[in-house]
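Me: Please walk me through this fold. Keep it brisk.

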Amino acid sequence: MLKPYNAAVRKLAAGLRAIVRSEVAPCHETIFDASYTIALLYGANARISENFCYISVHRKHVNLGFQRGSLLEDRDGVLRGAGPWMRHIQIKSSADLDRPDLRAFLRAACTEADHTPSPGRKGTVLSIVKRAKPSKRK
């Protein structure tokens, strides 16, 4: 699904996915082509409506997003988005993956969603890939 993206973006997506999985497992991961992005959704169960964080892959960056991000404490104004709920952090370089606030926001999103991860231990991640019609993404 990531073949249309350049190597740098694929590397960012893989690195961010590893961070998310390490912080929120055990969890369910739903991966699908949303036509303008590849989306990876994370939640305590497989219901898309109950996911608490996501990764979206774009041409030049990836986003780490939170469905209820407006409820997360953001003293430094890191989270982007002006809607009533969703917020995200743009990841543009591999150095961005080392930011400690990524893990802090993931932990806060788990707490807000009443999800109890097992960081540091091998937690099970059940992945579902939903295939869609090929997109005309460039």
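Reply: Buried means under 20% relative accessible area, exposed over 50%, and partly exposed in between, with a 1.4 Å probe and protein chains only. Helices (H or I, at least four residues) and strands (E, at least two) are DSSP runs numbered from the N terminus. This is a predicted model: local features need pLDDT of at least 70, side-chain atom pairs count only at pLDDT 80 or more, and totals for chains, interfaces and linings use all residues. Residues are numbered from 1 along each chain as its sequence is written, and side-chain values use heavy atoms, with hydrogens and water left out.

Me: How many residues of strand 4 are buried?

Reply: Take the two faces in turn. Val62, Leu64 and Phe66 are buried on one side, and Asn63 and Gly65 are buried on the other. Strand 4 is therefore largely enclosed by the rest of the structure, and its buried count is 5 of the 5 residues.

Me: In what order do the 6 strands of the open sheet lie?

Reply: The pairing in this open sheet is mixed. Strand 5 and strand 6 (125-130) each have a single partner strand, so they stand at the edges, with one side of each lacking a neighbour in the sheet. From one strand to the next, the twist averages 20 degrees. The order is 5-4-3-2-1-6.

Me: Which residue in strand 2 is the bridge partner of Thr30?

Reply: Strand 1 covers residues 27-33 and strand 2 covers residues 38-43. The two pair in the antiparallel sense, over 6 bridges. Within strand 2, Thr30 has as its bridge partner Leu41.

Me: At about what angle does helix 2 run to strand 4?

Reply: Axes are lines fitted to C-alpha atoms, for helices over the stretch in contact (heavy atoms within 4.5 Å). Angles run from 0 to 180 degrees between N-to-C directions. Helix 2 lies across strand 3, strand 4 and strand 5. Its angle to strand 4 is about 30 degrees.

Me: Which residues of helix 2 are buried?

Reply: Look at the opposite face to begin with. Turned away from the buried side, Pro100 and Thr111 are exposed. The buried residues pack against helix 1 (7-24), strand 3 (53-57), strand 4 (62-66) and strand 5 (87-91). They are Leu102, Phe105, Leu106, Ala109 and Cys110.

Me: How many aromatic pairs does a search of the whole structure find, and which residues form a pair?

Reply: Rings of Phe, Tyr and Trp (its six-membered ring) pair if their centres lie within 6.5 Å; planes under 30 degrees apart count as stacked, over 60 as edge-to-face and the rest as tilted. The search finds 1 aromatic pair. The pair is tilted, with 6.1 Å centre to centre and 40 degrees between the planes. Its members are Phe66 and Phe105.

Me: How many residues apart in sequence are the parts that this pair ties together?

Reply: Phe66 is buried at 0% relative accessible area, and Phe105 is buried at 7%. Phe66 lies in strand 4 and Phe105 in helix 2, so the pair ties together parts whose separation in sequence, in residues, is 39.

Notes:
Pairing = 2+ DSSP bridges.
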